[in-house]
Structure formats: C-alpha cells, structure tokens
Amino acid sequence: MTHDAENGPPLTFGQRVRRERERKGQTRPVLAGLVGRSTEWVKAIENDRLGMPRLPLLLRLAESLGVDDLAALTGDERIAAATYTKAAHPSLLRVKESLTTYDLLTRDEEPTPAAALAIRVQSAWQAWHGFGDHRSRIANVLPALLADLQHAARTHQGADRRRSQVLLAQGYHLAQLYLSFQPAPELVMLTGDRSMTMAQDADSPRAMAASAWYLNHVFRDAGERHEARVDLAMKSIRLLDPERGPEDIALGGLLHLAAALSYAKVGQKGNAERHWDRADAAAKRLGDAYVHPWLMFGRGMVDAYAITMHNDLVRSGAAVDAATHIDLGSMQSATRRSFHIIETARAYSLAGESVAVVHLLKKAYEASPETTAYNLFARGTAAELAENGSAIIRDDARGLARQLGVAA
C-alpha cells in the first residue's frame with residue numbers, strides 16, 4: 001500500500017474517500033445520492049466503521065468522486081478504475097499519435113483552402129452526430145483532418161489563417177469528444193487546451209465560447225473546483241453579443257448550461273437552477289425549431305440537461321419528471337439522444353427503478369451503440385445489475401453487459 005506523505009502512515013480507505021469528496025467540493029448527502037446510499041453510509045465509510053465495498057459499488061463511488069485511478073481510494077497502485085470501466089477504442093493509438101506527432105518541417109504542398117476545410121469539418125460533425133459507430137467513423141478521418149488543419153493554420157495568412165484556426169479548434173473539439181470516456185485523460189486535457197489556444201489566436205469570440213463549453217467538461221472531469229469552471233463560462237459570455245445573431249445567443253445559453261451543471265455537481269440548487277433558467281430563456285428566444293449545427297444547442301438540449309442537473313442535485317423525482325416531459329426521439333443527434341437516455345436511466349437508478357434502468361440502457365444502445373459502450377454509468381450499472389439485479393431483469397442485464405463488453 002502506498003504512503004500519502006513522506007515517512008507517514010498510509011491513509012485508510014475512509015480517509016481517502018473523504019479526501020476525494022472534499023477535493024470535489026461535495027457534501028456527504030450529495031455523494032450519498034450519487035452512489036444510491038444514505039448519508040449515514042457515507043459517514044460510516046469515511047469513519048472506517050464500514051469497510052471497502054465490493055467492486056461494482058466501489059466503481060460507482062469512484063465515478064461519483066471523479067476518480068479514474070482506484071489507487072486514490074484503495075492505495076493499491078495496481079488497480080485502476082479504467083481497467084474495469086473505461087474501454088479503449090481500437091483506433092485510440094492512431095488518434096493519440098496524430099495529437100502527439102509534431103510536423104516541424106515545412107510541407108511542400110499548398111495548404112487546403114479554408115472553404116474546403118470547412119466542408120470537411122462539417123462532414124466530420126455530421127459523422128459524429130449520425131447513427132451508428134460514430135467513434136469509428138471519426139477515427140478514420142480525424143488524423144488526416146487534424147494534419148491538414150494544422151498545416152493550414154500555420155501557412156495561410158490573414159482571414160484564411162484565422163478561419164483555419166477556428167476550424168482547427170473544432171477539430172480539437174472532435175478529438176476531445178472521441179477521447180471522452182476512454183483511458184486517456186491527459187489527451188482530453190490536451191485537446192481542450194489546444195482548442196482554446198487556437199480560438200484565442202484566431203481572436204474569435206464564438207470559438208472561445210465554444211472552447212469554454214468543452215473546457216468545462218474537462219475541468220469537471222479533472223476535479224477543478226466549480227468556481228473556476230463558472231468563472232471561465234461567465235468570462236466567455238462577456239465576449240458574446242446577442243444582437244449579433246442566433247449563434248451568439250446559442251453560445252451564451254450553452255455557457256449558462258455549463259454553469260448550471262457545475263453548480264449542480266456541488267449541490268448548489270439555487271445557482272444551478274438560476275443558470276438553467278438563463279439557458280432556457282436563450283432557447284425560447286431562438287424558438288423551438290432552432291438547433292445549433294454542431295453544438296446542438298436548442299430547446300431539446302436545454303430540456304434534456306435538466307435531467308442531468310437534477311440527477312447531480314440528487315433530486316430523482318424532479319429528474320424523472322423532467323424526463324417524462326421531453327421527446328428525446330426527436331433529437332437530431334444520435335449521440336446526444338443516447339447520452340440523454342442514459343441520463344434518464346440514471347434518474348430512474350436514483351429512484352431505485354431497476355427495471356426502467358435496464359429498459360432505458362437498452363434503448364440508449366439502440367440509439368448509439370458506441371455512446372453507450374463508452375459511458376461509465378452504463379457500463380458500471382450493466383455490470384452491477386447483471387451480477388446483483390433481481391431475477392426479472394437479470395437476463396436482460398446480462399445481455400446488455402455482454403453488448404457493452406463488461407460481462408463477467
């Protein structure tokens with residue numbers, strides 16, 4: 001077992017849980033709700049009156065605390081949560097090489113025109129949001145697309161250079177999405193930072209606002225305190241002007257969603273709902289028919305994120321109620337539709353409705369197999385219900401666990 005301070009004794013499991021909870025800024029009731037246990041259970045764990053739980057519950061605890069490496073909780077460096085919950089896509093190494101290979105020599109060929117690159121980036125977004133194996137499709141085009149975007153951003157001059165930089169920021173967004181829920185947290189951080197750098201170099205307020213949305217996800221996963229995440233979102237909003245048109249309104253609404261989710265993660269209900277209301281106002285201003293072409297901000301997205309917000313606030317009744325009042329089937333993005341169905345399953349899990357959980361996870365898999373297969377909640381819950389679920393759902397849960405690659 002590893003020591004936590006030089007020449008000091010190792011922390012107990014309970015002390016490690018408390019350390020990670022406090023680092024995340026979570027209260028005991030919030031953590032208890034996220035893992036489906038009582039506040040007293042969390043207190044007993046932290047005071048070492050209860051021992052380390054079995055693997056399925058241990059993984060849920062690690063996920064709720066934002067811990068990728070189980071050694072942070074167990075002290076055993078040989079155990080990593082990624083081993084059990086994060087699957088590596090077959091093309092991960094190829095994408096990693098495209099991000100960590102630096103073309104320092106001048107390329108002889110002329111850079112691709114910015115207009116042609118814009119068409120390729122748009123096509124890549126359509127591939128990401130389309131039905132089927134979206135990660136595999138993106139992995140097939142991303143290395144060459146990033147190389148051409150990088151070459152164009154270095155070589156073009158003037159307006160074409162700035163446009164190429166904005167497109168390169170989007171290329172990094174796609175890379176970050178591809179890398180999410182895979183055992184490559186350092187690459188997720190890298191792509192988030194690179195996208196913001198390109199947006200700043202291009203001096204594009206809209207690109208910076210979009211980068212701030214994706215960086216908020218990076219910061220949440222990295223355990224950055226909610227104050228820093230909200231500060232980034234609010235500073236980015238000040239770059240926008242709703243009078244410039246729908247895109248600025250949509251980006252402002254998106255950043256209010258980011259703030260709402262950040263506050264929900266730490267149990268600040270009033271602040272979370274206040275920012276969700278601002279996002280809701282933006283969606284209403286844009287009208288029910290508006291959907292951002294690649295960020296997917298619109299009426300459906302705002303309503304769907306209410307489920308996530310209430311989940312993180314551990315308000316299962318409100319989350320289930322939000323889910324029953326929206327039509328996820330009409331959402332244009334298969335990947336977003338699948339994600340929000342999974343979040344609906346998480347709401348029913350908090351409510352203790354395991355039959356609904358299995359049904360919804362199967363629907364999420366039908367909508368987007370790769371979204372479900374790389375989602376930590378879906379993988380962990382399928383494995384847990386396959387092992388410990390009631391007889392009425394166990395066969396379905398085992399079938400789902402096999403599809404997700406987590407069957408025992």
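A crossing of two helices is left-handed if the near helix is turned anticlockwise from the far one by less than a right angle, and right-handed if clockwise. Helices (H or I, at least four residues) and strands (E, at least two) are DSSP runs, numbered from the N terminus. The model is predicted, so local features need pLDDT of at least 70 and side-chain atom pairs count only at pLDDT 80 or more, while totals for chains, interfaces and linings use all residues. Residues are numbered from 1 along each chain as its sequence is written, and side-chain values use heavy atoms, with hydrogens and water left out.

Q: Why are α8 and α9 called roughly antiparallel?
A: Helix α8 (residues 114-129) and helix α9 (residues 134-155) pack at an angle of about 160°, with their axes 10 Å apart. Axes here are lines fitted to C-alpha atoms, for helices over the stretch in contact, and angles run from 0 to 180 degrees between N-to-C directions. Angles under 35 degrees count as roughly parallel, over 145 as roughly antiparallel, 65 to 115 as roughly perpendicular and the rest as oblique. The angle of about 160° therefore makes α8 and α9 roughly antiparallel to each other, and their crossing is left-handed.

Q: Which residues make the contact between α8 and α9?
A: Contact means heavy atoms within 4.5 Å. On α8 the contact is made by Leu117, Arg120, Val121, Ala124, Ala127 and Trp128, and on α9 by His134, Arg135, Arg137, Ile138, Ala144, Leu145, Asp148, Leu149 and Ala152. Ala, Val, Leu, Ile, Met, Phe, Trp, Tyr, Cys and Pro count as nonpolar, Asp, Glu, Lys and Arg as charged, and the others, Gly among them, as polar. By that rule the residues of the contact of α8 with α9 divide into 10 nonpolar, one polar and four charged.

Q: What makes histidine 151 count as buried?
A: Buried means under 20% relative accessible area, exposed over 50%, and partly exposed in between (1.4 Å probe, protein chains only). Histidine 151, whose place is in helix α9, has 4% relative accessibility and therefore counts as buried. Not counting residues up to four places away in sequence, histidine 151 touches Arg107, Glu109, Glu110 and Pro111.

Q: Why is glutamine 26 called buried, and where does glutamine 26 lie?
A: Glutamine 26 lies in the loop between α1 (13-24) and α2 (28-35), and because its relative accessibility is 5%, glutamine 26 counts as buried. Leaving aside neighbours within four places in sequence, glutamine 26 is in contact with Arg21, Leu31, Leu34, Ser64, Leu65 and Lys265. The C-alpha atoms of glutamine 26 and serine 64 are separated by 9.8 Å, although the two residues are 38 residues apart along the chain. A polar atom of the side chain of glutamine 26 lies 3.1 Å from the backbone oxygen of serine 64.

Q: Why is arginine 60 called buried?
A: Arginine 60 lies in helix α4 (residues 55-64), and its relative accessible area of 15% is the reason why arginine 60 is called buried. Arginine 60 and valine 35 are 25 residues apart in sequence and 6.0 Å apart in space, C-alpha to C-alpha. Leaving aside neighbours within four places in sequence, arginine 60 is in contact with Leu34, Val35, Ser349, Thr381 and Glu384.

Q: What makes phenylalanine 181 partly exposed, and what makes aspartate 203 exposed?
A: Phenylalanine 181, in the loop between α10 (158-179) and α11 (185-201), has a relative accessible area of 33% and is therefore partly exposed. Aspartate 203, in the loop between α11 and α12 (205-222), has a relative accessible area of 60% and is therefore exposed. Neither residue is a glycine, yet phenylalanine 181 has a positive phi of about 65° and aspartate 203 one of about 55°.

Q: How do you know that glutamine 176 is buried?
A: Glutamine 176 has its place in helix α10, and its 5% relative accessibility is why glutamine 176 counts as buried. Not counting residues up to four places away in sequence, glutamine 176 touches Val188, Thr191, Gly192, Tyr214, His217 and Val218.

Technical notes. A polar contact is a pair of N or O atoms within 3.5 Å; within protein, one must be able to donate a hydrogen and the other to accept it, and residues adjacent in sequence count only if both atoms are side-chain atoms.
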